[in-house]
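Please look through the sequence and the structure shown below, and keep both at hand while reading the report that follows.

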Amino acid sequence: MSVISVIGYIVLGPLLGCLLSGIDRKITARMQRRRGPSIFQVFYDLRKLFSKEMIAVNNIQLFLNLSYLVFLVIAGAMLFGGMDILMCLFILSLADMFLVIAASSDSSPYANMGAGREMIQMMAYEPLTLLIAVGFYLTTGSFHVGDIVSMPVSAVVFMPGMLLGFMYTAAIKFRKSPFDLSTSHHAHQEMVKGITTEMSGTTLAIMNIAEYYELILILGIFGLFIVNEHWWSWPIAVVVCLAIYFLEILWDNATARLNWKKVLYSCWLVTLLAGGLNLLILMLIK
């Protein structure tokens, strides 16, 4: 089953991520009283990017974007393969570092500014991400995903604060307002492209595919809060993940951008209140 799950993630991950991104665009348009593009427009955009002549600002940017993609695939394979959640999160952070280096590898001031903001965002969400791994360990006695999903009770029973905190910081990973500082898909930001300013053609397509993998990976971590040894927990986890993603889209369209200081301080405050208090309670009851 682990091998099938890994193969399923590698093959279906970008397809599901593409489809969810297309649905995201459609829902966003409806919320803004627009008709919006087809939900398959994301697939058309990728095809167009791959058909363009590959023009790279330097020889290393494509390699760095490929590294970003590969490490995201490895992190997702570890999660869906039932391996170590802590190592999965470490590799996820390593993948993000390759994206930062790729954006910093050219002389564009906008790309360099986006890379700097991406680093700040990593500083904002990484503490809570690590607390979640510790929370799973205190709840189940193991960092292994296979052990976490085999528990008789869902982890969310013991980690509701961490789930709420992760919903708050996941907006950064989804590049949703008010946290889309380093790059944005919407024109309401003062810096729309940011880290992807100098990326085009195949290089940009690879970066987009990596983000679709990351989307499914983050939703998989949300599902980890819900899944337990009972078969009916799996469809419930899928529904919860889709509901959380819808709430992220709603929040994206209902909030304006924040500056980097407010993003950093607010995420640390949520980490302290939601994650820290939840962790303290876990240490007292376990």
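## A residue in a loop

E53 is placed in the loop between α2 (41-51) and α3 (61-80), in what is a predicted model. The relative accessible area of E53 is 64%, and because a residue counts as exposed over 50%, E53 is classed as exposed. E53 and L20 stand 33 residues apart in sequence, while their C-alpha atoms are 27 Å apart in space.

## A residue inside helix α7

T169 belongs to helix α7, which covers residues 160-173. With a relative accessible area of 2%, T169 is buried, since the cut-off for that word is under 20%. When residues up to four places away in sequence are not counted, T169 touches Y125, L128 and C267.

## Salt bridges around K173

The structure holds six salt bridges, and one of them joins D96 to K173, with the closest N and O atoms 2.5 Å apart. D96 lies in helix α4 (residues 85-104) and K173 in helix α7, so this pair ties together parts of the chain that are 77 residues apart in sequence. D96 is buried, at a relative accessible area of 2%, and K173 also counts as buried, at 12% relative accessibility.

K173 forms a salt bridge with E214 as well, and here the closest N and O atoms are 2.6 Å apart. Because E214 lies in helix α8 (residues 201-224) and K173 in helix α7, the pair ties together parts that are 41 residues apart in sequence. Both E214 and K173 are buried. Taken together, D96, K173 and E214 are linked in a network of salt bridges.

R175 lies in the loop between α7 and α8, whereas E211 lies in helix α8, so the pair ties together parts that are 36 residues apart in sequence. Both partners can be described by their accessibility: R175 counts as buried at 6% relative accessibility, and E211 is buried with a relative accessible area of 14%.

## Aromatic pairs

A pair of aromatic rings is described by the distance of the centres and the angle of the planes. The count for this structure comes to 11 aromatic pairs. Among them is the pair of Y168 and F179, whose ring centres are 5.2 Å apart and whose planes stand at 70 degrees, so the pair is edge-to-face. This pair links distant parts of the chain, for Y168 is in helix α7 and F179 is in the loop between α7 and α8, 11 residues apart. F179 counts as buried, at 1% relative accessibility.

Y168 also forms an aromatic pair with W251, and this pair is tilted, with 5.3 Å from centre to centre and 40 degrees between the planes. Here too the pair links distant parts of the chain, with Y168 in helix α7 and W251 in helix α9 (residues 233-254), 83 residues apart. W251 counts as partly exposed, at 24% relative accessibility.

Technical notes. Residues numbered from 1 in each chain as written. Predicted model: local features only at pLDDT ≥ 70, side-chain atom pairs only at ≥ 80, totals over all residues. Heavy atoms only, no water. Helix = DSSP H or I, 4+ residues; strand = E, 2+ residues; numbered from the N terminus. Buried < 20%, exposed > 50% of the residue type's maximum accessible area, 1.4 Å probe, protein only. Contact = heavy atoms within 4.5 Å. Salt bridge = Lys/Arg side-chain N within 4 Å of Asp/Glu carboxyl O. Phe/Tyr/Trp six-rings, centres within 6.5 Å; stacked < 30°, edge-to-face > 60°.
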